[in-house]
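Please read these notes with the model open beside you.

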Amino acid sequence: MPTLSQDGPQDRRVWTLHLGDDENRFSPAFLDEVDGFLADLAASSEPAVLVTTGGGKFFSNGLDLDWLGAHPERLGEYVARVQGVFERVLTLPVPTVAALNGHAFGAGAMLAMAHDHRVMRTERGYVCFPEVDILIPFTPGMNALVMSKLTPRAAVDAMTTGHRFGAEEALAAGIVDATAEVEDLHEAAAARVRHLAGKDRATLGTIKQRMFADVVAALRLPEA
Amino acid sequence: MPTLSQDGPQDRRVWTLHLGDDENRFSPAFLDEVDGFLADLAASSEPAVLVTTGGGKFFSNGLDLDWLGAHPERLGEYVARVQGVFERVLTLPVPTVAALNGHAFGAGAMLAMAHDHRVMRTERGYVCFPEVDILIPFTPGMNALVMSKLTPRAAVDAMTTGHRFGAEEALAAGIVDATAEVEDLHEAAAARVRHLAGKDRATLGTIKQRMFADVVAALRLPEA
Amino acid sequence: MPTLSQDGPQDRRVWTLHLGDDENRFSPAFLDEVDGFLADLAASSEPAVLVTTGGGKFFSNGLDLDWLGAHPERLGEYVARVQGVFERVLTLPVPTVAALNGHAFGAGAMLAMAHDHRVMRTERGYVCFPEVDILIPFTPGMNALVMSKLTPRAAVDAMTTGHRFGAEEALAAGIVDATAEVEDLHEAAAARVRHLAGKDRATLGTIKQRMFADVVAALRLPEA
């Protein structure tokens, strides 16, 4: 299950949301934990940045399809909950960066896209939107989220092919912003935003709300 | 006039829409043929990809201005028909690639942009949006289509200057995704999508519909 | 205060809007002058392009915060006036280029973004959106303007960090399109558009209106 920790000096505090050492799929309990951690961070007031990462082979494999298979009647509620987490990360009033320690698939990749920045470990792991292969089209909200962070070329490549992007390919496509060896990954991610801790939260929150107003509106649409 | 042919193994069938060996302008009869071919492809169910290309010096020179000059009262109907073809290609539920064998001008260039991918022959031929020079502004639908596939920089360069982009320039601007010598062009185009044949059509169609929902809406606007 | 001058042959006239040799902040009198010059250019009919530049260390430092501090009750009217200038430049029916001779901060950087092209002097000067640091979020119109000219990556970097982009960094991010030494700056800027003088103004104006219809709508929103 996810954990939240802090390190660094008071004026440039790095909060690390660690998604876990497993597949880190979005079970309802997982979403509750993440939501709570994001609320804790939002309720704090000291200079802070967020690094989201995981241990082991996965950043996150996304939706908890086993749980969904057992609770098909709760699909709409579940998707709304997942999209609520995407919205919270997308508009979090502190700088955010995803440190991709391993595979980021589907909703796991979307969670990464919701951050301001992305750094990916070299050598292992893929970013992949398998929606076209698992017969689950992007919801309008997920569609808007991914498209808002990619060039038109990268959006077609990422969203219509199911291609697995290794670190170098993901960097070339602009899906991630930098790569780092796994032992340097957390620091490489933190270093991209640490100097931005202390930005006025109300201002930064409003800037992100306006930049992504259409995405937020789409993420709030009820699932048909 | 256009022709449609198939080749390759059953599980990765390449359908080639050959626009013709002339200027391949969009006469009403030409549009009827293309529409029929796209309907045939859409009605099939085997794994398939679409390569659109032409012979000779032109991919397509776009609107049939001679016909339009003789039938000015049918402008609205004609533009709606052209935009209907753009919509069908843009949202076709199979992977698509334009193989630019020669000049792609105006609506001919837009037809190329409607595809998922574009490969352009080296040495000869230009991609050009001459709208600013022939005093025909992009319709809102054409505007939305071209902008949906280009970076902001490339959109201003392509849409406000009438510049003729040779293959290297078009590649640098991201107007095309790759270049190939003319004898390798069809295979270079097919190779970009052949492995994607067999994607579930309903899923891929829905993904494209959602990615380009605003473009589709604009393409359906009646011409003022 | 700003001045307007012309040079070059009749068929490729370069109009230069010189913003001044000071900080070139947008006082009401400054906005009146610029508005009048843009109206003069719009009312002319000869082939023309616009180069906007300044002297000294600044292109423009943007909003006149001293004046605003003295007239807080006129904020809404003032912002509407600034955004009106952005709209006029954004949709001016002649090719436009900003030649960044020095610092372009805040609304000064936005003015540059409203042009079709941007060239920046090497060695000195920064492009910067300090909104996040001065606690003034982008208005919806300013947000739409800046986002319409940048890739998603560059938009997050420019709009959420307050980063000062030197010429090389601004070029790498696509915030500017070229750099030039200061003594070559005006000519480098003019050379990017001079050959485009003579484009039909009604057509070019309509093309820009349609490309940036959403930005224009947002720039016309009343400030809350």
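The points below take the model's basis, then its pockets, then its symmetry.

1. This is a predicted model, in which local features need pLDDT of at least 70, side-chain atom pairs count only at pLDDT 80 or more, and totals for chains, interfaces and linings use all residues. Residues are numbered from 1 along each chain as its sequence is written, chains are lettered from A and ligands numbered from 1 in the order in which they are written, and side-chain values use heavy atoms, with hydrogens and water left out.

2. The largest pocket has a volume of about 1,800 Å³. A pocket is an open set of points on a 1 Å grid over the protein atoms alone, where a 1.4 Å probe fits, with protein on both sides within 12 Å along at least five of seven lines; lining residues have an atom within 4 Å of a point. A volume is the space filled by probe spheres set on the points, which are joined across faces, edges and corners.

3. The largest pocket is lined by 48 residues, and A:Met147, A:Asp214, B:Asp214, C:Met147 and C:Asp214 are the closest to its centre. Its lining has 33 nonpolar, nine polar and six charged residues.

4. The second largest pocket has a volume of about 650 Å³. Among its 29 lining residues, B:Thr151, B:Ala154, B:Ala172, B:Ala173 and B:Gly174 are the closest to its centre.

5. Chain C is superposed on chain A by a rotation of 120° with 0.0 Å of shift along its axis (RMSD 0.0 Å), by least squares on the C-alpha atoms of residues with pLDDT of at least 70 in both. The two copies are therefore related as by a three-fold rotation axis.

Terms used. Nonpolar A, V, L, I, M, F, W, Y, C, P; charged D, E, K, R; others polar.
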